Amino acid sequence: MSEKKSVKNKEMQWAVILWYIHLHVLGLYGFWFALTSAKWMTVFFTLLLTILAYLGVTVGAHRFWTHRAFEAAWPLRLFLMLCHTIAGVGPIYDWVLYHRLHHKYYGTDKDPFNHKKGFLYSHFMANVLSWHMDYDEMIRLIDMRDVEQDGYVWFQKKFYWLLFGIFGILLPVNAPLEYWDESLSGAIVITGLLRFAITTNISWLVASSRLIWSLEGKKIPPDSISLFFITHSFWPAYHYMIPWDWKCGEYGTYDSGVATFFIKMWNELGMVDYLRTSETEDIRDMLHQMAKKKLTLENGLNELEELSKYNAKKTRIIPRH
């Protein structure tokens, strides 16, 4: 079946489109309200909730549950589950499934966030179109057993709307009203709608970020900073080759950034271990073997992944002092 015919089977979900239009318009109003009328405590509180949601999406749903870049103790898994709930981007299970589909079918028509169709499609349209006609067949090929066996993911999925109603809406909106006498309109548009507009885009950017931060196709030197905080690099492309590297940031960084800092901190506190990464020497050795035609790229990447597991286990048994 041709690509054009399969694309036509995707339909606009107008209720979803209208929701996101209203969310972003009201979010912009909330931003203006925050600058002109809101109390600073409301702004700081909203920023705190946004950071927590950011950690729930990037560290939790992306690096931990989707790519299993590390292992986490149960208190941290519970914390990340609640942070992801605060983000309001749907259950972890669905987020992981869609992102694993994205990696498995990357660059094809079956990729739900196909980068070849441009940023508008990858970032926005992909989230408002109906699914590919072969969706049921596609998800059968995605191994979700590890996620299905996670009690925190199961609990969140089963009681998502109750948890989201309490931790995502009721408690966050009530806090400014209860503790520092914020206006009802301010609490709703800033702590509610503005926050959801930001966290929605944070979640979307995990899939579309390669089109912003990647150096490919851009006549910009690697150390150049373009639009404010956007540093172009090859790390987004690296992520699609080696997705299980815990150091690789979602937005063009490597071994730096807020999410990576928190993983390092939790590792020092004993909440995170079995950190999987690839050392430079291992990659050089793989490339050397490929140059000698002893390895294909696919086999080389598989060997790198197995070596990362071995090194992570080896690091785990080294005693801490």
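Me: Which backbone oxygen lies 3.3 Å from a polar atom of the side chain of Thr 199?
Reply: The backbone oxygen of Phe 196. Bear in mind that this is a predicted model.

Me: Where does Thr 199 lie?
Reply: Thr 199 is part of helix 11, which covers residues 184–208.

Me: Buried or exposed, that Thr 199?
Reply: Thr 199 counts as buried because its relative accessibility is 1%, and the cut-off for buried is under 20%.

Me: What is Thr 199 in contact with, leaving aside neighbours within four places in sequence?
Reply: Thr 50, Ala 53, Ala 87 and Val 89.

Me: Take Thr 50 from that list. Which helix is Thr 50 found in?
Reply: Thr 50 sits in helix 3, residues 40–66.

Me: What does Thr 50 touch, not counting residues up to four places away in sequence?
Reply: Thr 50 touches Arg 195, Ile 198, Thr 199 and Ile 202.

Me: Changing topic to the whole chain. How many helices and strands does the protein chain have?
Reply: The protein chain has 16 helices and 2 strands. Its radius of gyration is 21 Å, close to the 20 Å that the globule rule gives for 321 residues, so the chain is as compact as a globular protein of that length.

Me: What does the C-alpha trace span along its principal axes?
Reply: About 70 × 60 × 45 Å.

Me: What share of the residues counts as buried?
Reply: Of the 321 residues, 48%.

Me: And the contacts, what share comes from residues 24 or more positions apart?
Reply: 71%, taken over contacts in the chain with a separation of 6 or more.

Me: Now the loops. Where is Lys 110?
Reply: Lys 110 is in the loop between helix 5 (92–104) and helix 6 (119–123). With a relative accessible area of 33%, Lys 110 is partly exposed.

Me: How far is Lys 110 from Ala 34 in space?
Reply: The C-alpha atoms of Lys 110 and Ala 34 are 41 Å apart, and the two residues are 76 apart in sequence.

Me: Backbone angles next. What is phi of Arg 68?
Reply: Near 50°, a positive value in a residue other than glycine. Arg 68 belongs to the loop between helix 3 and strand 1 (71–72), and at 22% relative accessible area Arg 68 is partly exposed.

Me: And phi of Asp 255?
Reply: Phi of Asp 255 is positive too, near 60°. Asp 255 is in the loop between helix 13 (235–241) and helix 14 (258–268), and Asp 255 is partly exposed, with a relative accessible area of 31%.

Note on methods. Residues numbered from 1 in each chain as written. Predicted model: local features only at pLDDT ≥ 70, side-chain atom pairs only at ≥ 80, totals over all residues. Heavy atoms only, no water. Helix = DSSP H or I, 4+ residues; strand = E, 2+ residues; numbered from the N terminus. Rg over C-alpha atoms; globule rule 2.2 N^0.38 Å. Buried < 20%, exposed > 50% of the residue type's maximum accessible area, 1.4 Å probe, protein only. Contact = heavy atoms within 4.5 Å. Polar contact = N/O pair within 3.5 Å; in protein donor to acceptor, adjacent residues only side chain to side chain.
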